[in-house]
Structures are given as structure tokens and as C-alpha cells.
Amino acid sequence: LDLLTSAEHQNNIKRIENKHANFKQVIEKHPKINKVNHLGTVISLELKTEESSSYFNNLRDYLYNYFLEKNILLRPLGNVLYIIPPYVITDNELDLIYNELTQLINSL
């Protein structure tokens, strides 16, 4: 518990929250995005698809494999992607995730 309440971890949490908030402002305007939710260090993106939005959407396998090939472990549930980073993630690593995600969305 002491580790989570340390100043270093609290600063990391705030930094991740701010990075997600900034990314949300940019990506939620993308025409291929249905909805973006952001709470704390978690952000989710619902991609527009021809199928109805669902955790069972077939896009899941494509998304999972796409990011795995980029050495990024994300949790797609259907057409919804979750970014749940560890508190020790760096700004550069978050930027890499955001950039790959943007490239993927642009390619759909």
C-alpha cells in the first residue's frame, strides 16, 4: 500500500491521466471512432464497424494480432479497445501506443 501512495506513483498516475485526456481530445473526433471513455489511468475506444457494437464483434481477433505484432499488449473486446497501462509506463511508450492506435484506425 505504501508503494501505491508514494509521491512517485501518484505523480505517474496523474501523468498517465493527463496523457490519456490529451489523447482523448484528439482521437474522439476521428470519424472511425464511436465513443471514447476515460477514467483515471484507463481509456477505452469503441471503433465504428458495419456490425453492431459488441464485445463479440469479429474485429477483436484482427486488433489483438495487429498490436501483438507491434509488441503492444492491449485488450480488445470486440470492437472496443482498452488501454490499461502499468504506472511505470513512460511517456514515450504511451506515445508509441497512441501512434500505433491512430495508424490502425486510419487504415480501417
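Which residues line the largest pocket?

Analyst: The model is a predicted one. The lining of the largest pocket consists of Asn71, Ile72, Leu73, Leu74, Ile83, Ile84, Pro85, Pro86, Ile89, Glu93, Leu96 and Ile97. The volume of this pocket is about 170 Å³. Helix α4, which spans residues 91–107, makes the greatest contribution to the lining, supplying three residues.

One of the lining residues, Ile83, also belongs to strand β4, which covers residues 80–83.

Four strands make up an open sheet, in the order β1-β2-β4-β3 and with antiparallel pairing. Its edges are formed by β1 (33–39) and β3, each of which pairs on one side only. On average, neighbouring strands of this sheet are turned by 15 degrees against each other, direction ignored.

On one side, β4 is joined to strand β3 (residues 75–77) by three bridges, the two strands running antiparallel. Two bridge partners can be named here: Arg75 is paired with Tyr82 of β4, and Pro76 is paired with Leu81 of β4. The hairpin of β3 and β4 has two residues between the strands, and Gly78 there adopts a positive phi near 65 degrees.

β4 is also joined to strand β2 (residues 42–47), in this case by four bridges and again in an antiparallel manner. Val80 of β4 has Glu46 standing opposite. Glu46 of β2 is in turn the bridge partner of Lys35. Of the six residues of β2, five are buried, and the strand is mostly covered.

Six bridges join β2 to β1, and these strands too run antiparallel. β1 and β2 form a hairpin with two residues between them, and Gly40, in the turn, has a positive phi of about 65 degrees. Leu39 has its place in β1. Leu39 counts as exposed because its relative accessibility is 71%, where exposed requires a value over 50%.

Helix α3, residues 59–69, lies across β2, β3 and β4, and runs at about 170 degrees to β3. Helix α2 lies across β1, β2 and β4, with a direction of about 165 degrees to β1.

Helix α2, residues 7–27, includes Ala21. Ala21 is classed as partly exposed because its relative accessibility is 29%, and this class lies between the 20% and 50% limits. The C-alpha atoms of Ala21 and Leu39 are 8.9 Å apart, although 18 residues separate the two along the chain. Ala21 and Asn11, by comparison, are 10 residues apart in sequence and 15 Å apart in space, C-alpha to C-alpha.

His9 also lies in helix α2. His9 counts as buried because its relative accessible area is 11%, which is under the 20% limit. With neighbours within four places in sequence left aside, the contacts of His9 are Leu3, Leu4 and Tyr87.

How values were computed:
Residues numbered from 1 in each chain as written. Predicted model: local features only at pLDDT ≥ 70, side-chain atom pairs only at ≥ 80, totals over all residues. Heavy atoms only, no water. Buried < 20%, exposed > 50% of the residue type's maximum accessible area, 1.4 Å probe, protein only. Pairing = 2+ DSSP bridges. 1 Å grid on protein atoms, 1.4 Å probe; cavity = no way out; pocket = protein on both sides within 12 Å on 5 of 7 lines; lining within 4 Å. Points joined across faces, edges and corners; volume = space filled by probe spheres on them. Axes fitted to C-alpha atoms, helices over the stretch in contact; angles between N-to-C directions. Contact = heavy atoms within 4.5 Å.
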